[in-house]
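Subject: Structure for your study

Dear colleague,

Please find the structure below. A short account of the findings follows it.

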Amino acid sequence: MIEQPSKILIIAGMHRSGTSVVSNWLNKCNLNIGDNLLGPDIGNVEGHYEDMDFYRYHEDVLEDNHQSRLGYVNRPIQNLSYYQEEKLKAITGYKSKIHAEWGWKEPRTCLFLSHYRRLIPNACYMIVLRDYRSTVNSLITRDFKYIEAKYLARNAFSRLVWKMFRRERRRRKLYNNLVSYYLNVWIVYNRELLNHMNILSERKFIAVDYNLLNCSDRETFSVLADDWGFSLQYFDFKKVFKETLISTVVDIDEFIADKTLLTTANELEHRLNKYVQTKNKSKAGCNSDPCLSGSFV
């Protein structure tokens, strides 16, 4: 077990679930979420706000376990080697020595939650949730942007052929090839999040839908600052949330041959939403625990 005198917030959510904008907001609220952050690219023009230490660590462990470094996998990481565990202790221990309060966001954290529960028992968690249709659409839209950028970098004739003939065919091909694949990944990640919330004390986490933070950011901030005791400064979430960057949602159901996947996803989504929609009105006053009160926003 790692001795952690500092306050730690772990931001956990599936890829393309809004963790970047939530982390941007927390950064603006004066929470240290990493000294070396992954910057913007064509798939995330506002920046990823991912701590590169955890980013590289998760990639390396996945690769050592013969899984995709990207984290698009069908199971979480069950075991850590002695070296991997000691390295994780070193990363978190060092950050706790130099920061009284800190946190991180990196989507593949969802695949390591059992280890973080064990090694950092006093950490608080912000669980960021997004419905499976929007998430899968966002993943495919990002992939399409990378493909389109290559075509648009070519000569004028190639760009014309792309826009007139190939663009929509290529987009539909991506949906045909990737919807079920990404939906399976969404299920793996969100099962881990649900299991995590079922195990944790209600005092240890909040569950948010980033789309709802436009109208509930003050309540969420209150949990962080008043209940959990993080020394933050309020920043209006609307100033970092840009609705124009949200991708159009296509009905993905038609692209899924195995309809049991849809049944599984819908049932899981329903169970997750109970955490988001529930308000825990009790406010405990215990000052001995860095996470003092449960709340669902």
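The axes of H1 (residues 19–28) and H7 (residues 213–227) cross at roughly 55 degrees and come within 13 Å. Axes are lines fitted to C-alpha atoms, for helices over the stretch in contact, with angles from 0 to 180 degrees between N-to-C directions. Helices are DSSP runs (H or I, at least four residues), numbered from the N terminus.

This is a predicted model, in which local features need pLDDT of at least 70 and side-chain atom pairs count only at pLDDT 80 or more, while totals for chains, interfaces and linings use all residues. Residues are numbered from 1 along each chain as its sequence is written, and side-chain values use heavy atoms, leaving out hydrogens and water.

A second pair is H2 (residues 52–64) and H3 (residues 82–98), whose axes come within 11 Å and cross at roughly 175 degrees. H2 is therefore roughly antiparallel to H3. In their contact (heavy atoms within 4.5 Å), H2 contributes residues including Phe 54 and Tyr 57, and H3 residues including Leu 88 and Ile 91.

Arg 142 lies in helix H5 (residues 132–152). Arg 142 counts as buried because its relative accessibility is 16%; buried means under 20% relative accessible area, with a 1.4 Å probe and protein chains only. The side chains of Arg 142 and Tyr 72 are joined by a polar contact of 2.4 Å, that is, a pair of N or O atoms within 3.5 Å, one able to donate a hydrogen and the other to accept it, where residues adjacent in sequence count only if both atoms are side-chain atoms.

Yours sincerely

Definitions and conventions: Helix = DSSP H or I, 4+ residues; strand = E, 2+ residues; numbered from the N terminus. Buried < 20%, exposed > 50% of the residue type's maximum accessible area, 1.4 Å probe, protein only. Parallel < 35°, antiparallel > 145°, perpendicular 65-115°, else oblique.
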